[in-house]
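Please read the following account alongside the sequence and the coordinates. It goes from confidence to surface, and then to selected residues and salt bridges.

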Amino acid sequence: MYTNKLGYYFLIFLITAIFGLSAFIFWPFFGACVLAVVFGVIFQPVHNKILQYTKNSRMFSALLTTIIIILVVITPIFFLGMQIFQEAQNLNLSTDSQGGSNIVSTITAFTSKIESTFPFLKNITIDINQYLRGILGSLTQHFGDIFSSFAKLFANIFIFLFTLYYILKDGAEIRKFVVKLSPLPDRDDNIILNKLALAIHSVVIGSLLVAVIQGGVASIGFLIFGLPNVILWGIVATFSALIPGVGTSLVLIPAIAFLFFTGHTVQAIGLFIWAALAVGLIDNFLSPKLLSRGMELHPQIVLISVLGGLMLFGPLGFLIGPLTLNLLFALLDIYSHVTKPTN
């Protein structure tokens with residue numbers, strides 16, 4: 001205990017300064033660490049099950065669980081990403097000399113069909129070829145930028161796996177350390193950590209899993225009704241499913257319109273029915289139940305937190321947004337009990 005106020009304030013200054021410097025050091029790997037915590041919480045039951053077969057060997061169990069995550073989650077994502085990159089690179093931006101159809105020529109025919117259906121649009125037409133070349137060229141360039149940063153990518157993967165291993169191995173000790181370090185009562189710390197764990201389960205299962213299911217169902221529809229680049233647009237549909245209030249309609253509505261105005265009326269009707277029944281039922285019935293499970297937040301607040309998180313943090317925002325709101329409401333709940341007058 002410091003009796004000298006100057007020494008106490010200097011200690012607080014040092015802690016604040018070093019904490020800020022540490023934050024800058026860890027910030028490039030913030031996303032990898034968040035994902036490691038999320039995967040550690042989600043796969044904790046698997047880790048506990050493996051512990052029973054390894055005679056409580058935490059090191060071996062954590063290693064086996066990490067290998068399972070690599071095989072079941074990371075490897076499929078890697079090959080899927082390579083397939084997406086290949087489809088993006090294979091987008092033919094020039095006119096097919098043999099008379100076949102490609103993206104530019106097909107969409108040019110699509111816009112011509114719209115102009116013939118709605119003549120008043122002829123006065124506001126643009127050079128669709130030049131416009132699409134710019135958009136798709138920019139898209140391909142960004143894909144190249146992403147996959148060219150191999151050093152950063154592998155560094156994040158390494159930090160993710162390294163952090164995940166130690167979260168699985170030493171999760172109980174880390175939790176005890178956090179509770180001990182916090183100035184709040186241990187009961188309140190445990191309430192906060194338990195609510196965050198519930199929120200992680202709810203968001204991952206209710207948001208990400210539903211988005212993956214919707215993207216997969218949309219991809220099946222694209223395949224059945226003849227849209228090109230099924231995997232690429234299926235992934236786009238998966239990401240759009242994470243956007244509250246918009247969902248897969250961001251991809252499905254243009255796809256249906258594309259089929260209709262290019263003369264594939266039967267396929268357009270079929271994809272519309274598919275989207276309404278298969279994708280729509282998942283969005284309206286499965287998603288709200290899973291997303292709200294374990295989270296004592298109003299659905300509107302959940303949606304806003306997901307959307308705001310996506311806008312602020314990018315793809316990880318669908319996790320960070322709801323988790324932040326859950327932490328806030330947990331703290332407010334504790335505050336209300338602390339400040340409530342006792343009789």
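Which residues make the nonpolar surface patch of about 580 Å²? The patch is made by Val46, Phe60, Leu63, Ile67, Ile68, Leu71 and Val72. Patches consist of residues with over 30% relative accessible area and no salt bridge, like charges being joined within 9 Å and nonpolar side chains (Val, Leu, Ile, Met, Phe, Trp, Tyr) within 5 Å. Helix α4 (residues 58–89) gives the most to this patch, with 6 residues.

The model is predicted: local features need pLDDT of at least 70 and side-chain atom pairs count only at pLDDT 80 or more, while totals for chains, interfaces and linings use all residues. Residues are numbered from 1 along each chain as its sequence is written, and side-chain values use heavy atoms, with hydrogens and water left out.

The mean pLDDT (the predictor's confidence in each residue, from 0 to 100) is 74 for the protein, and 69% of its residues reach 70 or more. Over residues 92–102 pLDDT stays under 50. Where pLDDT is low, the predicted coordinates should not be read in detail.

Buried means under 20% relative accessible area, exposed over 50%, and partly exposed in between (1.4 Å probe, protein chains only). The side chain of serine 61 reaches the backbone oxygen of serine 57 at 2.8 Å. Not counting residues up to four places away in sequence, serine 61 touches His47, Ile50, Leu51 and Thr54; contact means heavy atoms within 4.5 Å.

The whole structure has 3 salt bridges, each a side-chain nitrogen of Lys or Arg within 4 Å of a carboxyl oxygen of Asp or Glu. One of them joins glutamate 173 and arginine 58 (2.9 Å, N to O). Glutamate 173 lies in helix α7 (residues 150–181) and arginine 58 in helix α4, so this pair ties together parts that are 115 residues apart in sequence. Glutamate 173 is partly exposed at 38%, and arginine 58 is partly exposed at 36%. Lysine 169 and aspartate 170 form another salt bridge, with the closest N and O atoms 3.2 Å apart, and both residues are buried. In the pair of aspartate 188 and arginine 187 (3.3 Å, N to O), aspartate 188 is buried at 8%, whereas arginine 187 is exposed at 60%.

Methods
Accessible areas come from the Shrake-Rupley method with a 1.4 Å probe; for residues, only the protein chains shown count as cover. Helices (H or I, at least four residues) and strands (E, at least two) are DSSP runs, numbered from the N terminus. A polar contact is a pair of N or O atoms within 3.5 Å; within protein, one must be able to donate a hydrogen and the other to accept it, and residues adjacent in sequence count only if both atoms are side-chain atoms.
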